[in-house]
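Reader: I would like to learn how to read a few features of a fold. Could we go through one together?
Author: Gladly; here it is.

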Amino acid sequence: DDEIYYKIVNGNELKQLRLVLNRFRGVEYLHLREYYLDFDGEWLPTSKGFSTPLDLDTVVNLFQGLAEIMSLAESRETIEEYFGDIIRQTYTE
């Protein structure tokens, strides 16, 4: 199990919701999973969440779905302004 990337989406001092990309047996997987802090101070995954093999179609569909959800609450200009900065940062690092 080789973790490539993770981002804490939401959390507190005992639980976190993480977006994780890892490699298992040569296949990359995308996870949205809850983690908890154990007694030794280590963050461990729970069974609460989902995982799917990573491919471009999956990522594009997730991004489109999230953009559509955001568009229900915000104007297109606000979404483009906010996500535009994130996209530009990602491709310049």
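Reader: Is Arg 25 buried or exposed?
Author: First, the ground rules. This is a predicted model, in which local features need pLDDT of at least 70, side-chain atom pairs count only at pLDDT 80 or more, and totals for chains, interfaces and linings use all residues. Residues are numbered from 1 along each chain as its sequence is written, and side-chain values use heavy atoms, with hydrogens and water left out. Buried means under 20% relative accessible area, exposed over 50%, and partly exposed in between (1.4 Å probe, protein chains only). Arg 25 has a relative accessible area of 75%, so this residue is exposed.

Reader: What is the phi of Arg 25?
Author: Most residues other than glycine have a negative phi. Arg 25 is not a glycine, yet its phi is positive, about 50 degrees. You will find Arg 25 in the loop between β2 and β3.

Reader: What is the strand order of the sheet?
Author: Strands of a sheet pair through backbone hydrogen bonds, either parallel or antiparallel. Strands here are DSSP runs (E, at least two residues), numbered from the N terminus, and two of them pair if DSSP finds at least two bridges between them. In this model, an open sheet of 4 strands runs β1-β2-β3-β4 with antiparallel pairing. Its edge strands, each pairing on one side only, are β1 (2–11) and β4 (43–53).

Reader: How many bridges join β3 to β4?
Author: There are 8 bridges between β4 and strand β3 (residues 27–37), and the two run antiparallel. As one example, Leu 37 has Trp 43 in β4 as its bridge partner.

Reader: Which residues does Leu 21 touch?
Author: Contact means heavy atoms within 4.5 Å. Leaving out residues up to four places away in sequence, Leu 21 touches Glu 3, Ile 4, Tyr 5, Glu 28, Tyr 29 and Leu 54. Leu 54 is 33 residues from Leu 21 in sequence, while their C-alpha atoms are 8.1 Å apart. Leu 21 belongs to strand β2 and, with a relative accessible area of 16%, is buried.

Reader: And Leu 19, is that residue buried or partly exposed?
Author: Leu 19, also listed in strand β2 (residues 15–24), has a relative accessible area of 30%, so Leu 19 is partly exposed.
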